Amino acid sequence: MKKITLLIITLLSSMFAIGQNSCSEALPITAAGTFVVDAINGAIIPSACTGSGLGTAAEWYAYTPSQNYTATVTTDLAINICRDTRFQVYTGTCDALLCLTGDDDSGIIACNSGNANSYLSTKSFNVTAGTTYYIAFDNKWESLGFSFQITEAPIVVPPTTPISYTTQTIATIPTTGYNICVVDMNGDHLDDMVNVNNNNLKIHFQGATAGSFTVADFPITGTSKMPSWSLAAGDYNRDGLNDLILGAGNGLSVWSSNSTGTAYSNFSPSDYIFCQRTNFADLNNDGNLDVFSCHDIAPNCYYLNDGAGNLTFYQSNTTPGAMNLSSVANGGGNYSTLFTDFDNDNDVDVFISKCSGPPCQLLRYDGNGVYTNISAIAGIDVTPVQTWSSGIADFDNDGDMDIIITASSGSHKYFRNNLDTTNSTEEAYTNITAGSGWDTNTSTNIDNVAYDFDNDGFVDILGGGNKIMFNQGDSTFEPVSYSGISVGGIGDLNNDGFLDILNGNTIRYAVPNNNNWIKFSLQGIQSNSNGIGARIEIYGAFGKQIRDIRSGEGFRYMSSLNAHFGLGQATAVTQVIIKWPSGIVDTINNPGINQKINVVEGSTLSTENFVSSELSIFPVPAKNILNVKTSSNSSLIAAEIFDLQGRLVQKSNVENESINVQSLTSGTYIILLSDSNNKIYTQKFTKE
C-alpha cells in the first residue's frame, strides 16, 4: 500500500509540479504531461534573456534531456486563456547562469475578454543530451498561476546552405543616424548606400569596380524630421535623380535633389502624422509620384504631386475628395503599405499590414482615384494577426502576387492568389499555411522582405530569427540560419547579380553560387521616371516570373528599385515584357543573361509603323520637320523628345501640328506629346 501511495505521489508531482523558489532548488522536470505553476513568488532571475526589465519574483525548473532534441516550452494552452506569461531559459550553473533564450508574447491563443491579443509564451530551441537547462517564469507582467508543457522533437537538419555571405565593415559609413536605404542615387542604375543623420545626407556611390565606393556629403538646410520609422526613395520631381521621404513619429520630410545632384532641399510640412511605412507611389496614375505615409493612430495620409513638384496634403476618409486608403471603422493601426498589382489589371493596388488589432486590408484600385476595400472578398481579413509588414510576391510563379502575412507576434499566414482571368469576379485567396513551413516558423519580426536571395528562380523571405525562409518551389519554405543576419537595405552592392544586405555600417555580401540571373533598371518617359508600378515578366524554359517595381518594402527599409530575377540553372530567357503604368508595353526577345539591362519606356516600340489608332507621325524618317496629328483632332500643344538612354534632349511647343527637329543628330528618339486635355501620347521615331 505504501508503494502504491508513493507511486501516485510521484506521478502527481511530475505532472502537477510546484516550481521551486530559486535556481539551486529548481524542480527537475521531463518532457511529460502538464505542469502547474501555482503562483510566482520565488527568487528573482539575475537577467532577462528576452523582453525588457525584470520582475520581482520567479519560479524555477530544471530540464535535462536524455538525447539531442528540439525542445519547446509553452504556456500557449487553452487553460491559460487571458494569462500573461514570460519565461527565460539559461545554461551554465546557478552561480554563473548564461542566457540561452526565452519568450514573452509569441503565443497565438487570444484573450476572449477585453482584447484580441495573446500574451502567452512559446519557444523552441535545440538542446544537448545531458545538459541542464534552467527555466524561470517571472512575474514581470503578473504573478497569477498558470500551466505549461515541455515537448521534445527530433532536430531537423537544415538543407545545404543555398547561399553564403561574407561581411565587410565600411569605416566611412557613420555608426549613428539611419543606414536604412540602398538605392541608385546618381542615375547610373547601380545601387548606392544612403545615410541620413542630423540634417546631413551621406551617400556611398557604387563605383564601376566591384565593391568600390565614392563618398559624398550633402548638408541639408533647415530642420528636417529624421526617419525614425521608415525611409522611401523615388524621383518625384522627375529630374532623373532619386528623392527621399523621411518618416518620423510626428510627420515627414521630403529631401529632393537639384537637377545636377549637387544639392538637396528640404520640405517638411506641418501636418501631424504618426508615420509608419512611407512610400512613393503614383496614386492617381497621372505619371507623377505621390508621397504616402501610413498613420499609426488615424487614417492614412498622402500628398498628391501636381507634376511641378507641389505636394497637396490629403487624409483618407477625412479630407474632402481624399481617396479611400484606410478603412473607416479601423482607421488606425496602419503599419506597412505595399503597392503592387494583385488582380493583374495593370494598375496598382494596396495591401496594408495592421498591428493594433484590426485585420489587414487589401484595397483594389478601380481607376479615377477610387480604391475599394476587398479584404473580406479576398478572405485575407483574418484575426488575430499582429503584423508590422508582410511578404508579397509571386511565390509559386503562376503569374500573380501571393501574400504571406508575416507576424510580428503570433503566427504567420500564407495566402495563395486564386486569380481567374477568365471572369471579372474577385476570387478569394486560399490559406495554404498548413504544411508550408510557415505554420512551424515561430520566429517573428517587424520587418519581412521578399527577394530571391539564392537566385534559384523562387522568391524567399528574410525576416526574424537570424534566418532566411527559402522557397522550395512547391509552396513550401525551409529555414536556413545565418549568424547575426537581419533585415536591412537590400541591393546588388558589387554588381555581381546577387543581392546583398546592408546592416548598419556592415555589408553582408552574397557569395555567388552557380545560379544564373538577369536584372532590369527602368527609365520612365510617360510613366514616372523610376517606373514605379511597372510589371516586368520574363519567360523561358523555367516558365514565367514576375516582379513589380515598388518603393518601400517591408516596414522600415528602402531597397533597390532594380528588378532582380534568379534563373537557377536556366541558360536563356526567351522574352521579357515590361508593362508600364502608362499602358505602354515594351518587349525584348532573347536577351543575354547574367547582365543588367536598362529599359527606357517605349524604346522597343516598332519604328516601322508610325500610324496608330490615336497618333500619326510623319515623315519617316524625319529630316527637319516632324508632323504630328491625333485621330480625334485634339490640339497637341507640347512635346518632349528623349534619346534611348532616357535623357531629355528637346522640349518645345507644337505649332501648326508640327515640331522642328533640325537640331537633333541622326538616330532614334522617343517623343512625348500632350494635348489640351492633358492626355499623353508616346511614339518612337527616327531622325535622318
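**Salt bridges in a predicted model**

E142 and R83 form a salt bridge, with their closest N and O atoms 2.6 Å apart. A salt bridge here is a side-chain nitrogen of Lys or Arg within 4 Å of a carboxyl oxygen of Asp or Glu. The model is predicted, so local features need pLDDT of at least 70 and side-chain atom pairs count only at pLDDT 80 or more, while totals for chains, interfaces and linings use all residues. Residues are numbered from 1 along each chain as its sequence is written, and side-chain values use heavy atoms, leaving out hydrogens and water.

**The E142–R83 pair**
- E142 sits in the loop between strand 8 (133-138) and strand 9 (146-153), and R83 in the loop between strand 4 (69-74) and strand 5 (87-93), so the pair ties together parts 59 residues apart in sequence.
- Strands (E, at least two residues) are DSSP runs, numbered from the N terminus.
- E142 is buried, at 17% relative accessibility, whereas R83 is partly exposed at 23%.
- Buried means under 20% relative accessible area, exposed over 50%, and partly exposed in between (1.4 Å probe, protein chains only).

- E657 and K629 meet in a salt bridge at 3.6 Å, N to O.
- E657 lies in the loop between strand 48 (648-653) and strand 49 (658-660), 28 residues from K629 in strand 46 (625-630).
- K651 pairs with E640, their closest N and O atoms being 3.7 Å apart.
- K651 is in strand 48 and E640 in strand 47 (636-642), 11 residues apart.
- K651 is exposed at 64%, and E640 is partly exposed at 21%.

**The wider picture**
- Salt bridges with shared partners join E537, K544 and K579 into one network.
- The whole structure has 11 salt bridges.

Key
Helix = DSSP H or I, 4+ residues; strand = E, 2+ residues; numbered from the N terminus.
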